[in-house]
Amino acid sequence: MAAKAEHRVLILSAGVGAGHNSAGEAVRVAAEARTDVEEVQLLDLLEASSALYRDLLGKGYFTLVDSAPWLVEFGYDVTDRPFRRRGPIDPWTRANALPTIRAITRFRPTAIVCTHFLPAQLVAALLLGGRIDARTAVVTTDYDFQGLWLTSAFHAFSVAREEGLVQLTALGLPADRVVATGIPIRRSDVALHREPAVPPRLLVSAGASGGDYAISVVRQTMHIRTPCSITVVCGRNDALRRRIEQLVAPMGDRYRVLGFTDAMPRLLAESDLFVGKPGGLSASECMAAGLPMVLVNPIPGQEVRNGDYLMEQGAAIRCNTVQTIGWKIDEVLRTPGRLAAMRAAAAATGRPGAARDVLDGLLDGPDRPLVVTRAAQRTILQASERRVVATDLTGRTSLARLTDAEAGSTVALIRADQLDDLRERYGVAGGGLRLRRERNPLRTGWEAHRLIRAVVREGEELAVDVHGLAAEDRGLRV
């Protein structure tokens with residue numbers, strides 16, 4: 001018997017590059033495949049905002065990538081500190097988010113999936129303000145976790161790999177709310193029918209690099225000595241496509257130059273080596289297809305770290321100077337067994353079912369959110385700066401978890417010194433608490449009021465157990 005359609009799923013993204021929206025589209029397709037989803041919508045927060053805000057965040061970012069990559073790297077490192085920003089959303093962002101808030105109100109979602117940190121922060125504020133009660137998931141879209149994605153309230157937090165899960169739980173985030181799903185990509189219906197090709201087939205993504213750099217990459221592939229066939233995809237950049245066609249014309253039928261194509265799944269499945277940038281989505285699609293990568297021109301910060309992970313797995317090589325691209329590809333193609341080993345590493349790294357796993361974890365998981373109090377956020381930031389893990393912390397500034405006594409899921413991460421006021425008002429025999437809503441926030445304090453409003457429904461009492469993280473390994477409670 002089919003499950004009753006009961007969920008209305010809203011996917012929120014932000015079109016800073018194509019990757020976040022592509023991940024959102026993958027989740028949308030996975031949601032439509034579930035029998036318990038009544039309706040699903042995908043909304044780009046930037047598309048709904050003002051043109052000025054959209055240009056500054058979207059075009060402005062890529063302008064910096066081209067003209068001041070060192071500044072992009074600096075910004076990435078600065079914002080990598082978890083909970084560095086703990087206050088409310090800035091007024092300009094909030095004003096530009098009003099159309100998105102209205103769309104949420106109209107759609108009345110039971111579940112929200114965020115594939116960019118901007119809507120994730122917005123949704124957390126709405127949860128804590130009592131304006132929504134939907135289950136919410138934050139889904140990161142690069143292999144390395146970046147601290148800017150952490151929010152003060154969510155139901156599920158999806159990272160791309162196990163190291164990100166370890167990092168977050170070391171900071172104190174509860175393991176029942178963080179999962180390593182991989183990065184959501186659209187599952188391809190194309191069978192991986194790749195057989196040893198003679199000559200090998202290379203797929204070059206020129207549109208991602210664009211301009212003179214893409215021309216330089218293609219020019220260097222003309223120096224590959226090993227026999228191979230090369231397909232160059234230029235995307236919607238018609239001027240680039242014409243320049244590359246003119247460049248490779250003397251090479252005869254060795255090259256095939258394409259503009260925008262909807263045949264990428266088939267090209268990925270049929271190719272033997274991919275040449276391009278290590279964006280989170282493009283890298284995930286290659287790994288799902290078992291396609292090793294030659295990495296060129298990564299954006300400082302997230303793409304450099306993506307590349308580090310892929311090389312660590314043995315699924316990629318990186319060209320730090322464009323002049324060596326032909327030689328490095330030759331080294332892969334002519335070394336016996338190397339390409340096969342890289343293919344196997346890529347296939348082992350791929351997670352084609354990530355979008356489905358994100359939805360399963362959210363829709364089948366806890367129905368109460370996890371709230372991270374601002375005091376706990378300060379502790380997490382300070383612990384990160386001191387390079388210690390949560391279980392190293394002791395005393396009144398250490399962390400404690402509140403868990404739903406019936407469901408067993410964690411509903412709050414607080415600082416130990418916040419327990420005194422909670423116990424005074426809600427303490428019960430055995431060391432637990434029975435939380436209930438108060439009409440007057442002054443009776444509990446604003447921070448406790450926000451926490452309780454988010455996790456306790458009107459007219460009910462919620463029994464929670466208290467666990468101190470430092471004592472947890474010894475089976476003790478604070």
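How many bridges join strand S1 (residues 7–13) to S2? There are 7, and the two strands run parallel. The model is predicted, with local features requiring pLDDT of at least 70 and side-chain atom pairs counting only at pLDDT 80 or more, while totals for chains, interfaces and linings use all residues. Residues are numbered from 1 along each chain as its sequence is written, and side-chain values use heavy atoms, with hydrogens and water left out.

Helices (H or I, at least four residues) and strands (E, at least two) are DSSP runs numbered from the N terminus; two strands pair if DSSP finds at least two bridges between them. An open sheet of 6 strands has the order S2-S1-S3-S4-S6-S7, with parallel pairing. Strand S2 (37–44) and strand S7 (178–180) each have a single partner strand, so one side of each edge strand lacks a neighbour in the sheet.

| Helix | Strands touched | Angle |
|---|---|---|
| H6 (residues 162–171) | S6 (156–159), S7 | about 160° with S7 |
| H15 (residues 354–363) | S1, S2, S3 (111–114), S4 (135–139), S6 | about 140° with S3 |

A nonpolar core is a set of buried (under 20% relative accessible area, 1.4 Å probe, protein chains only) Ala, Val, Leu, Ile, Met, Phe, Trp, Tyr and Cys residues joined through side-chain atoms within 4.5 Å. The largest has 68 residues, and Ile112, Phe157, Leu168, Leu173 and Leu402 have the most contacts inside it. Helix H5 (residues 117–128) supplies the largest share of this core, 8 residues.

Key
Contact = heavy atoms within 4.5 Å. Axes fitted to C-alpha atoms, helices over the stretch in contact; angles between N-to-C directions. Buried < 20%, exposed > 50% of the residue type's maximum accessible area, 1.4 Å probe, protein only.
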